[in-house]
Amino acid sequence: MFIVNYIKEVFGALKSLAVGLRRTMFYFTHHKEIITEQYPDNRATLKMSDRFKGEVVMPHDEKNEHRCTGCTACEVACPNGTIKIITKFEVNAEGKKKKAIDKFVYHLELCTMCNLCITACPSDAIKMAQTFEHSVFDRSHLTKVLNKPDSKIMEGVE
Amino acid sequence: MVEEIGTTADGDLIINVGPQHPATHGVLHLVITLNGETIKKVEPHLGYIHRSIEKMCESLSYRQFIYVTSRMDYLSSHINNHGCALLVEKAMQIEVPARAQAIRVLLDELTRIASHELWWGAMAMDLGAFTPFFHAFREREMINEIMEDTCGARLTMNYILPGGVLEDIHPDFVKKTKEFIALFKRKVDEYFELLTGNIIFQNRMKGVGILSAEDAISFGCSGPTLRGSGISCDVRKHYPYEIYSQLQFEEVLETGCDSLARYLVRLREMKQSIHIIEQLIDNIPEGDFQAKTKAVLKLPKGEFYQRVETARGEFGIYVVSEGGTTPYRIKFRSPGFSNLSALDHMARGSKIGDLVAMMGTLDLVIPDIDR
């Protein structure tokens, strides 16, 4: 009886291996079932999803104007101290002093892409960009100023 | 505390597994006392990835502290976020719109499938089977793409806010999820075919790492680890949150108490998750995805506790509030920590080769253990 059981066990084991191997052979002969992205060779065609949180950017229009009023709502909302807004006073055409941003400093190395700054912004001045290749040789390159030089606030944004 | 190297007075060998051993997931350091090949004692050493998350949370507001919990159990980050949001909503009595609830539950279950898939591949790789890893990651990639479309991230979602979700679901969400379910149903059977029946796998799993029901309870195990010992403990059934009480699903129980039982619980749980998604995917209610909340969230004075069922077990958040904008004290009950404490008991007396199999079926995520 021992011998019979032993032989049964051996053949059962061989069968179980064959079942698993059948799966492997299926994929060996069905190349279309395999999905591999050839990164970085496909960089030209690779497109991230619209909502992908890559980094915070400040969109500017063609007149080099942005929508940031410098209210620091994003700075308060950020859990890591990623954003630092440096403000200045501008004198407008009527001679009134008005607060405006001097520098919108963004530390990408501290950012966790939690999206809280974008939800906090009352004037839709910042948004998430879909970039993902962030590696640089020096970490000082990761500290960015988001507003472009000589940019101004858009008309009508309070 | 044992010495970390050398031999004991009895002539037993002390060896270290980790913290950078490729067979462990993450930086888990085990100091093992061996008599020949037999394990006498396993002592986990923690602290390599401690970030003092609980202390950090004390200085963050109730919107900000949610993102930190993604960094704990990163494989079920969405469910962790969910638990935190539920706690704030319970304390402040915010009514969450039905649409947001359905979206949350849908994404919870997708996260659970993704987490179990990664576990399945990684555990098979621990045992020396390399192919399952690729099979699992191929399907997991589809979930990741769904997550990327809707939440904007693949791992640390940060999609849930107190009062609802960040954005409405992506227009492609329903279509893509349906495609995934249709495909995944076939793939689960393929997983069984590829690995479960395999004789080598069976011999390495059956009767290995016995954890009796009494021991599992006394160590505070939860989730699939406890359900593998035959104890019904699903938070979704016993303390239903969101819309789980209206959904039809069965709690997966196995009575084997060994590694194979824990393995089967997780594989069968994937099928139950699909079942939940199928019920919801065509019935997402119309309406808002975010309730109106105040700009500054202030919890009333008192103590609050909320539990959710993550892929690894019961995740609990305990908050003591003084009525301010930040918590006075916060405590996370992570499932991995309690599950790991049972490892020593399971491993004693067994061979060192089986240790990796036991660790694999506990589904350990080290940042979750070491907060």
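Buried means under 20% relative accessible area, exposed means over 50%, and partly exposed lies in between (1.4 Å probe, protein chains only). By that scale B:Gly197 is partly exposed, with a relative accessible area of 43%. This is a predicted model, in which local features need pLDDT of at least 70 and side-chain atom pairs count only at pLDDT 80 or more, while totals for chains, interfaces and linings use all residues. Residues are numbered from 1 along each chain as its sequence is written, chains are lettered from A and ligands numbered from 1 in the order in which they are written, and side-chain values use heavy atoms, with hydrogens and water left out.

**Around B:Gly197**

- B:Gly197 lies in the chain B loop between helix H6 (173–196) and helix H7 (199–205); helices (H or I, at least four residues) and strands (E, at least two) are DSSP runs, numbered from the N terminus.
- Leaving out residues up to four places away in sequence, B:Gly197 touches A:Ser16, B:Phe192 and B:Gln202, where contact means heavy atoms within 4.5 Å.
- The C-alpha atoms of B:Gly197 and B:Ala129 are separated by 13 Å, and the two residues are 68 residues apart along the chain.

**Aromatic rings and charges**

- Rings of Phe, Tyr and Trp (its six-membered ring) pair if their centres lie within 6.5 Å; planes under 30 degrees apart count as stacked, over 60 as edge-to-face and the rest as tilted.
- The count by this rule is 14 aromatic pairs over all chains.
- One of them is the edge-to-face pair of B:Tyr62 and B:Phe65, at 6.1 Å centre to centre with 85 degrees between the planes; B:Tyr62 and B:Phe65 are both buried.
- B:Trp120, B:Phe180, B:Phe184 and B:Tyr191 are linked into a cluster by ring pairs.
- The charged end of B:Arg266 sits over the ring of B:Trp119, 5.0 Å from its centre; the rule asks for NZ of Lys or CZ of Arg within 6 Å of the ring centre and within 35 degrees of the ring normal.
- The charged end of B:Arg236 sits over the ring of B:Tyr244, at 5.9 Å from the ring centre.

**Helices H3 and H4 of chain B**

- The axes of H3 (residues 77–92) and H4 (residues 98–126) of chain B come within 8 Å and cross at roughly 145 degrees; axes are lines fitted to C-alpha atoms, for helices over the stretch in contact, and angles run from 0 to 180 degrees between N-to-C directions.
- On the H3(B) side the contact includes B:His78, B:His82 and B:Glu89, and on the H4(B) side B:Arg104, B:Asp108 and B:Arg112 are among the residues involved.
- By class, this contact of H3(B) with H4(B) has 4 nonpolar, 4 polar and 4 charged residues; Ala, Val, Leu, Ile, Met, Phe, Trp, Tyr, Cys and Pro count as nonpolar, Asp, Glu, Lys and Arg as charged, and the others, Gly among them, as polar.

**Backbone exceptions**

- Most residues other than glycine have a negative phi, and most peptide bonds are trans.
- The peptide bond from A:Tyr39 to A:Pro40 is cis, with omega near 5 degrees, and A:Pro40 is in the loop between helix H1 (2–29) and strand E1 (55–57) of chain A.
- B:Asn158 has a positive phi of about 50 degrees and is buried, with a relative accessible area of 4%.
- B:Cys257 has a positive phi near 65 degrees and counts as buried at 15% relative accessibility.

**Helix H14 of chain B**

- In H14 (residues 352–362) of chain B, 8 of the 11 residues are buried, so the helix is largely enclosed by the rest of the structure.
- After H14(B) comes B:Asp363, with a positive phi near 55 degrees.
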